[in-house]
Amino acid sequence: MSKNSAQYSKQYGIGIEKFLVGKSFFVTGATGFLAKVLIEKILRTAPEVGKIFLLIKAESEEAASKRLKDEVINAELFKCLQQTYGECYQDFMLNKLVPVVGNISESNLGLEGDLAKVIANEVDVIINSAANTTLHERYDIAIDINTRGPSHVMNFAKKCKKIKVFVHMSTGKCLKPIMFAAVSKNLSYVNGKRQGRIMEKPFYMGDTIARELNFNNSKIEPKLDVEKEIELAMKSKKALENDEDARKKMKELGLERILDLMILYYGRGQLNEFVGDPSGILDVVPVDMVVNATLAAIAKHGQVVIQKPEVKVYQIASSVTNPLVTKYLLSLLHEHFDSSPFLDSKGSPIRVPLMKLFTSMEDFSAHLLDGAMQRSIIGSSNGELLAQKQYEILRRKEFANVYLPYGFYAGRFDCSNTLGLMQIMNEEEKKKFGFDMGSIDWKHYITNVHVPGLRRHVMKEKRGETLVGAGNKIPGGPKFYKSKL
C-alpha cells in the first residue's frame, strides 16, 4: 500500500458507518444465528440504517411476524439494544425490521404482491445467509436449499434496481454492475480433499475441485451439471419417499457444528476418545469477526462505482494467521472441565480425562470393541443389554466417520483479501469492526468465551445446575445430527 493510500486510510478508513446510514437491506436466513448477529451489529452501530427486509419461512404474514418477535426481537442477543431504547425498543425494531414471507427454495423466493416490488425498488444490499448446515443431511434437501436457493436469490437480485452489493455467506457468485462479495466462514467439508494453502479465488461455472486436484493428471474430469444433480435428487426423493431405509441412504449422500458437539459430549463424560490428527490445525472463527468483516466488505464495495460485474472472495479464517492445533485445544478443554465440571443428575461433578485421539478408524474401532469385551458386554447373557451396547458402539463409530474430513483435513485457508480490508480501516473502525484473527488468545477464547457460551446458551446451564441425563451414551438418530449447536 502506498504512503498516500495509507494516510488516506488512517484519516478516513472505509467509511462503514457512513455507508450503512439510509441503506436498505434484504437478508435471507434471517432467523439463523449468523444473520441475527449481523442484524444486531447493524442496528447498534448504525441506527439510521434504512429498512431491513427479512425473508422468513412461514405460512402467513401473521406467522412471519410472530417468528420475527419470538426469534429475533425478543432474543437475548439484542439485550444491548433493549437497554438502549428501553420502552421504545419494540417500536424501534418494528420500524426497522420488515418480515417477508418467503422461501429460498422457491422461484422468485416465494415473494408475491406489492412487497416484492417494494423490495426490488428499494434494496441496496442483499445478504444471502440462508443454508442448511446439517452436514449429514439428505442429498435432495441439501441441494434444494444450498444449491438452488442461492440461484433463486441471485435471480431475484437481477430485478433489484438500486442494488450495489450482493453478499453470499458460505461455510465455504453478478448481476448488473454490482460487486459480489463471497464471505466464507470456511469449513473443510465444502473443500473436499484440497490440501495446502487455499486461496481466495472464486469458482466459475464448470469449475470443480476434482478437476483442480487432477490438473497434472491426464484424466479429464467431467463438468458438474447442477441441473442434472438436482433432477437426480428429486427423482430419488419421489421414488423413495415412502421408504424409511431409502431415506436414510439419501442422507448418507450428503452434521452440524461438529466441534461444538464434541465439546459438549466430552464435558458430559460421553466422549473420552475420538479420531483425528493431534497435530492437525482447526479453523475456529468467532461470529462477531465474521460479521465485522462482512460489513467492511459491503461498505468497501458498495461505495465503488464499477462498470462491470466483479467477484471478490473473503475468507474469514484462522488456520494461516493464527493456527489452533488440535492437541492444544483438547488440553484447553480438559483444563476447563477439570476446573468447572458439569454436574450429573445427583449433583456430583463429572470428571473427564484428557481426550485420547486415534489416528485411524481401525484403531478406534478396535479400542471400542476391546473396551466392550473388558466390561463383559460382548457375550453377556443379557441380550437386551448386549444389543444396547452394540448400538452405542455403532453410534460412536458413525459419529467418528462423519468427523473424519475435519480430523484429518490438510487445507489451510488464505485470507489475504480479508487482511487487505483491515489495512484500509482507520483505528476507530478497527475498534468497532475489528476482525484480526491473529489477535485471538486461544486459551482465553476457548476457556472463558466459547465453552462458557455453549454451556449458557446451548445447554441453558445455570451456575451450579445439575445436568440431567449425563452418562456414557452418545445419542443417535436424526435429532442427534440435527442438534443446533
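The model is predicted, so local features need pLDDT of at least 70 and side-chain atom pairs count only at pLDDT 80 or more, while totals for chains, interfaces and linings use all residues. Residues are numbered from 1 along each chain as its sequence is written, and side-chain values use heavy atoms, leaving out hydrogens and water.

**The whole chain**

The chain contains 20 helices and 13 strands. These are DSSP runs numbered from the N terminus: helices are H or I with at least four residues, strands are E with at least two. Of its 485 residues, 47% count as buried. Buried means under 20% relative accessible area, exposed means over 50%, and partly exposed lies in between (1.4 Å probe, protein chains only).

Now find helix α4, residues 61–73, where A64, L68, V72 and I73 are buried. They sit on the same side of α4 because they cover an arc of only 90° around the axis, taken from the directions from the helix axis to the C-beta atoms. On the other side of α4, you will see E62 and K66 exposed.

What covers the buried residues of α4? The cover, by contact (heavy atoms within 4.5 Å), includes these elements:

| Element | Residues |
|---|---|
| α3 | 33–45 |
| β2 | 52–56 |
| α5 | 79–85 |
| α6 | 89–96 |
| β3 | 97–101 |

**Cysteines**

How many disulfides does the structure hold? It holds zero, counting a pair of cysteine sulfur atoms within 2.5 Å as a disulfide. C160 is buried, at a relative accessible area of 0%, and C415 is buried at 5%.
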